[in-house]
Amino acid sequence: MFIDTHCHLHDAKFPDVDLIVNNYLRDGVEAVINMGCCAATSVMGKNLAEKYPSVYFATGCHPSDSNGFDDKEFETIRSLASHPKCVAVGEIGLDYYWKPFDKEKQADCFIKQIEFAKEAKLPICIHNRDATGDMLKILKDNKDKLTYGGVMHCFSGSVETAAEVLKLGLYISFAGPLTFKNASTLLDVAAFVPEDKCLTETDCPYLAPHPLRGTVNEPKNVTITSAFLAELKGKEVTEFAKTLTNNAKNLFYKMK
């Protein structure tokens, strides 16, 4: 059985969530984690988790939504952390790709949520796009607050960056881009990261794996990325799926 550790079932591209859930359960995915991007989507994740036994959720503010991260927004995000199916604070981090962006606001939003995650006794799910240097500095400066760990979601960096992330005790999650034909750097990273620090995800409805690239992604497709990673590691898929599932449940401990 597999776990999709990062998805967005609340997205408008999924008008029929019942169908999506049935699809992934049929294909051997036992659970998914719906990631929040703001207070509203975090609440939507909670509602999905209450409706579907196989859905868990995370609460947090995405860096691209940091301009709206005020006290009211933060209070809603904080209030969700005690829910029995809230397994992480996320997705949080830095994004210097989508312009315009405010580095100071993003950093403030990121740090406050790292601090909050420690208070809430939850791991963090980290988004990083075109901001590796600043992201690593913030994580290193706040290493004492990473008590409950975390994961670099949809990792797209170098082996050198992966090494720094692992030194912080964090997991590295691979998504559809690992299967793309131009993914030479990611192949090196996948070979480098120890099995007990690997996770897989879809980030659906985005980033469908090869050969489905360009289509609307679904949690069921985490099986494709997981099988690809297993082959890279020279492992039998069923056994490697157990490793990935154990890793997910060790990090997102409220899923046990």
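1. Lys249 is partly exposed, with a relative accessibility of 23%. Its class comes from relative accessible area, taken with a 1.4 Å probe on protein chains only: under 20% is buried, over 50% is exposed, and anything in between is partly exposed. The model is a predicted one, in which local features need pLDDT of at least 70 and side-chain atom pairs count only at pLDDT 80 or more, while totals for chains, interfaces and linings use all residues. Residues are numbered from 1 along each chain as its sequence is written, and side-chain values use heavy atoms, without hydrogens or water.

2. Lys249 forms a salt bridge with Glu30, at 3.1 Å from N to O. The pair ties together parts that are 219 residues apart in sequence, because Lys249 lies in helix H9 (residues 237-251) and Glu30 in strand S2 (residues 29-34). Glu30 is partly exposed too, at 27% relative accessible area. A salt bridge here is a side-chain nitrogen of Lys or Arg within 4 Å of a carboxyl oxygen of Asp or Glu. By that rule the model has twelve salt bridges. Helices (H or I, at least four residues) and strands (E, at least two) are DSSP runs, numbered from the N terminus.

3. Lys137 and Asp141 meet at 2.7 Å, N to O. Both belong to helix H5 (residues 132-141), where they sit four residues apart, about one turn of the helix. In general, an α-helix has 3.6 residues a turn, so residues three or four places apart point the same way.

4. Lys145 and Asp144 also pair through their side chains, with 3.7 Å from N to O. Asp144 is exposed, at 52% relative accessibility.

5. The largest pocket holds about 920 Å³ of space. Of its 34 lining residues, the closest to its centre are His127, Arg129, Cys154, Asp203 and Leu207. A pocket is an open set of points on a 1 Å grid over the protein atoms alone, where a 1.4 Å probe fits and protein lies on both sides within 12 Å along at least five of seven lines; lining residues have an atom within 4 Å of a point. Its volume is the space filled by probe spheres set on the points.

6. Which elements supply the lining of the largest pocket with at least two residues each? They are strand S4 (86-95), strand S5 (124-129), H5 and helix H7 (184-192). S5 gives the largest share, three residues. By class, the lining has twelve nonpolar, 14 polar and eight charged residues. Asp, Glu, Lys and Arg count as charged; Ala, Val, Leu, Ile, Met, Phe, Trp, Tyr, Cys and Pro as nonpolar; and the others, Gly among them, as polar.

7. The loop between strand S8 (198-200) and helix H8 (222-232) contains Asn221. That loop also holds Leu207 and Pro205. A cis peptide bond joins Cys204 to Pro205, with omega about 15 degrees. Leu207 is not a glycine, yet has a positive phi of about 55 degrees; Leu207 is partly exposed, at 33% relative accessibility. Asn221, in contrast, is buried, at 6%. Neighbours within four places in sequence aside, Asn221 is in contact (heavy atoms within 4.5 Å) with Thr202, Pro209 and Leu212.

8. What is buried in H8? Val222, Thr223, Thr225, Ser226, Leu229 and Ala230 are. Seen down the axis of H8, these buried residues fall within an arc of 165 degrees, so they line one face of the helix. The arc is that of the directions from the helix axis to the C-beta atoms. Their cover includes strand S1 (2-7), S2, strand S7 (171-174), H7, S8 and H9. Just after H8, Gly234 has a positive phi of about 70 degrees.

9. Two further backbone features deserve a check. Lys99 and Pro100 are joined by a cis peptide bond, with omega about 0 degrees, and Pro100 is in the loop between S4 and helix H4 (103-120). Lys121, in the loop between H4 and S5, has a positive phi of about 60 degrees without being a glycine. Lys121 is partly exposed, at 47% relative accessibility.
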